[in-house]
Each structure stands twice: as structure tokens, then as C-alpha cells.
Amino acid sequence: MFSPRVLKSASSLMCRGFFTGQMCRQGKAPDMAEVRNRLREIVGASTNWKDHQQALAERASLSQYLAQSQDELPAKTMKDSAIEAHLPLGTQPALREKYLNYHNSVRFGRILEDLDSLAVLICYSHTWNKELKRSPLSIVTALVDKIDMRKNIIYPDCDIKFTGHVTWVGKTSIEAKMHMSQYHDGAYTDVLDATFVMVARDPENKRAAFINPLKLESPEEEAIFQQGEINKTRRVELSTASLLKVAPTAEERTLVHNLFLNTLDTRTVSFRSRILPPNSVWMEDAKMKGLEICHPQERNIFNRIFGGFLMRKAYELGWANACAFAGCRPTLVAVDDIVFRKPVEIGSLLLLSSQVCYTEGVHIQVRVHTEVLDPLTRQHSTTNVFHFTFRVDSDIPAIVPQSYGESMLYLDGKRHFDETMRSQG
């Protein structure tokens, strides 16, 4: 849910001083390169890797500008954070190479990177203090609540427009919603809606920091804010009911038991003799793995690995997993519940594991788990869990779990799939 009145003001934001320089003089919305440049300016990030330690030391001194309570900060409106940014794929052919995929469409992983950058900038615009040259806040992505696709095709040679604004705030966390559209056949058409949740930290990214409260100016904005409260409550309920914490429901237990019965070999009287039902695939045989060495090139403005890069790599592995499973090219339906559990340091060995965990009709639910490996201690630490819903053109084999752990993955995948179908229905 967005405010059309708020989004209408987005293109004029740079003329109120948040963006400066050539694009302000020309009175046009920034492109994504200018968005990232502005982020570096806001936090004082160096473009040279060798200078990063000095830049971090300089940021530590900004702690003196942090508010001791939210009451000290002026309230901001949704209009204050409204931003419009362009991705000129149509008017800048040289840019297309970075976004083009083999199927003559746009690499969605690149779009995830742009959404992550824009979400951070939206939140900085909400907390911007024009009296300070640099922000004392470190704003990082906590989770991607939902990305719903409105269109299957993204053209590689047509301009893209992003708009968005803050829709809800707590004391230290912010919800930002974004909308993406593409200019084609003389008009902009909807492509996707995205909801990100960000958190504010101190300059050294060690503890939580207070952010400006949100001033609501209309019944429409009050409804948008209330939806943010509903989203927060839903996330708490889902976390409380997680299969990592509590047992499955009675209905889910029956489902798992029926799956088990369907795989028993009726010729034997044994619980251990299992056979694969027709048109089915064992879950164990629907995996795909990857490894990334995290180089400085992929760092964010706080000299850790960019969250958008992690999302891109996870999406591409998940897409490849779904493609190999279905035997055809899948299209993305939704992304949901991406949780950033801990930052990924530069130099880390990032292990990615993709699993088809649920199928229904023409839909494939994929879970991608990422973790860092410390080669000295050999310890593994989970950093992210990603959930993707894909669709293909014809029915696909059923995925069948064998162990109890796989059955929990199956139920978790079904929960995410059902939630996606409800939100889009």
C-alpha cells in the first residue's frame, strides 16, 4: 500500500536539498549510480578499499550526534522520505550489458541489488539532518518482508522507474515500501512491489540507535501505517510458530504421516523400506550448492558485504535449482521473509545451499540457506535464509521428504507458499 500523494512528491525531493549537484540543476530524478554515490556521501564512505579503516575511525566520532531518545528527534512525514530513481536501460545502452541475461531479459538479481540500495537511501532521507554533513546512523537491511511480482517480463531495453517512501517506523526500525514500473509501448506498467525492513545502528554498527518518529498527515497515511503494524504483528506470529521452536500443527502432522505412508513398500512390513511414488522426486535429489569468496569489490558503505549482492547470489542459485528441477526456465512469483541474521565480512567464504522444499501444480518453492565458514576454526555461522516462489508452464513432479528434518523443510516451504498465494489472491 502506497500513498499516491506522497509518491507524486518524490521527483521533487532532490530540489529540497537531499540530492545536490548536476541532477538537481537539471531537475531530474537520480539514476541508480547517483543513488549509490549519495549513500557514500551520507556516511563518508571511501571509494578506495585501502582507506576503509580511516573512514571507519572517522565515523566513530559521529556518536556524539546520536539522540538519547526518540523524543529528541523531529517528526518526519512520509513525503520527506519519498524518492524516485531511474534505471535508464532504454536511453543508456551501455548500461544494459550489466543487466542483460541470456534469455534477453533483465537479471532479477541486479534488481534486488538496486532495491536494497534504494531502501537504505529512503531510510536515510527519513532521518536526514541538514545541519550535519554526515549521518551518525548506520542503516542496514534487517529483512525483506515481501516482493510481489506484478509482471513476468522485464524488458532489457526499456527504462525502469523506482518510487518509494517510509511507511512505518518503530523506535529503531523502519519499514520502506517500493514500487517498480517500466516504460513500454508509451506508458509505465507495474512490475513489482517490495517491502523492506531496515534497522538503525550507531556509527560503528554496534548497538541500536533511535530514529525520527513518523508524522501522519491523512487518513490514507494512517491506514498505510496501520498496515505496517499488521506486518510487524504477522512477523512476530510467524516467528513464534516457527517449526524450529514448536511442533507442527495437527493438520501438518497428518500431512507428513500421509507422505510417509505413500512411500512405504507394501510388499514388506517395514518402516525402513521406502519407494518413490510415481511422478515424484526425493528432496535429497533436488539440491544445488555454491561458494563465493567475498572480495572487497562487493562491499557496502560500511565495509561489509553488500546485502544486495547476497540476495543476487541466492536468487541466481535458487533460480538455477528450480530450472534444473523443472527442466525448463521458471519465472519468479514472489520473494519473502529474507532475514539478515548477521553481517558477512569481507574475505569470508560464503557457502550457499539451495533446496526445492515444496511443489504444487506449476509452482516451485525454493529455500536458500547461506553461511560463512571460518577456515581457521572450521565453524559455520548462518547469515541468511531466503525464500523464493517460482512458476513454470506445466505441472512438475512432487517433492517427497524422507527424514523428519526434510519433512520440516517441506512444511516450512508449504507455509511460505500458502502465505504467498494468500497475499496475491
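How many nonpolar, polar and charged residues make up the lining of the largest pocket? In this predicted model, local features need a pLDDT of at least 70 and side-chain atom pairs count only at pLDDT 80 or more, whereas totals for chains, interfaces and linings use all residues. Residues are numbered from 1 along each chain as its sequence is written, and side-chain values use heavy atoms, with hydrogens and water left out.

The lining of the largest pocket comprises 14 nonpolar, 9 polar and 17 charged residues, where Ala, Val, Leu, Ile, Met, Phe, Trp, Tyr, Cys and Pro are taken as nonpolar, Asp, Glu, Lys and Arg as charged, and the others, Gly among them, as polar. A pocket is here an open set of points on a 1 Å grid over the protein atoms alone, where a 1.4 Å probe fits, with protein on both sides within 12 Å along at least five of seven lines, and its lining residues have an atom within 4 Å of a point. The space in the largest pocket amounts to about 1200 Å³, the volume being the space filled by probe spheres set on the points, which are joined across faces, edges and corners. Of the 40 lining residues, Ser 242, Asp 337, Arg 341, His 387 and His 416 lie nearest the centre of the largest pocket. Helix H11, spanning residues 404–424, gives the most to this lining, with 9 residues; helices (H or I, at least four residues) and strands (E, at least two) are DSSP runs numbered from the N terminus.

The second largest pocket holds about 990 Å³ of space, and among its 41 lining residues Asn 300, Ile 301, Ile 305, Phe 306 and Gly 307 are the closest to its centre. At least two lining residues are supplied by each of helix H3 (32–43), helix H6 (93–99), helix H7 (108–127), strand E3 (138–149), strand E6 (187–201) and helix H10 (307–326), and the largest share, 6 residues, comes from H7. By class, the lining of the second largest pocket divides into 17 nonpolar, 10 polar and 14 charged residues.

With a salt bridge defined as a side-chain nitrogen of Lys or Arg within 4 Å of a carboxyl oxygen of Asp or Glu, the count comes to 17 salt bridges. One of them joins the side chains of Arg 107 and Glu 316, at 3.1 Å from N to O. Arg 107 belongs to the loop between H6 and H7 and Glu 316 to helix H10, so this pair ties together parts that are 209 residues apart in sequence. Arg 107 is partly exposed, at 22% relative accessibility, and Glu 316 is likewise partly exposed, with a relative accessible area of 26%; buried denotes under 20% relative accessible area, exposed over 50%, and partly exposed the range in between (1.4 Å probe, protein chains only). A salt bridge is also formed by Glu 292 and Lys 313, whose closest N and O atoms are 3.5 Å apart. Glu 292 is part of strand E9 (residues 287–293) and Lys 313 of helix H10, so the parts tied together are 21 residues apart in sequence. A salt bridge of 2.8 Å, N to O, is found between the side chains of Glu 345 and Arg 304, linking the loop between strand E10 (331–340) and strand E11 (349–360) to the loop between E9 and H10, with the two residues 41 apart. Glu 345 is partly exposed at 36% relative accessibility.

The structure holds 8 aromatic pairs, in which ring centres of Phe, Tyr or Trp (its six-membered ring) lie within 6.5 Å, planes under 30 degrees apart counting as stacked, over 60 as edge-to-face and the rest as tilted. The ring centres of Tyr 358 and Phe 417 are 5.6 Å apart and their planes stand at 45°, so this pair is tilted. Since Tyr 358 lies in strand E11 and Phe 417 in helix H11, the pair ties together parts that are 59 residues apart in sequence, and both residues are buried. Ring pairs also link Phe 108, Tyr 315, Phe 386, Phe 388 and Phe 390 into a cluster.
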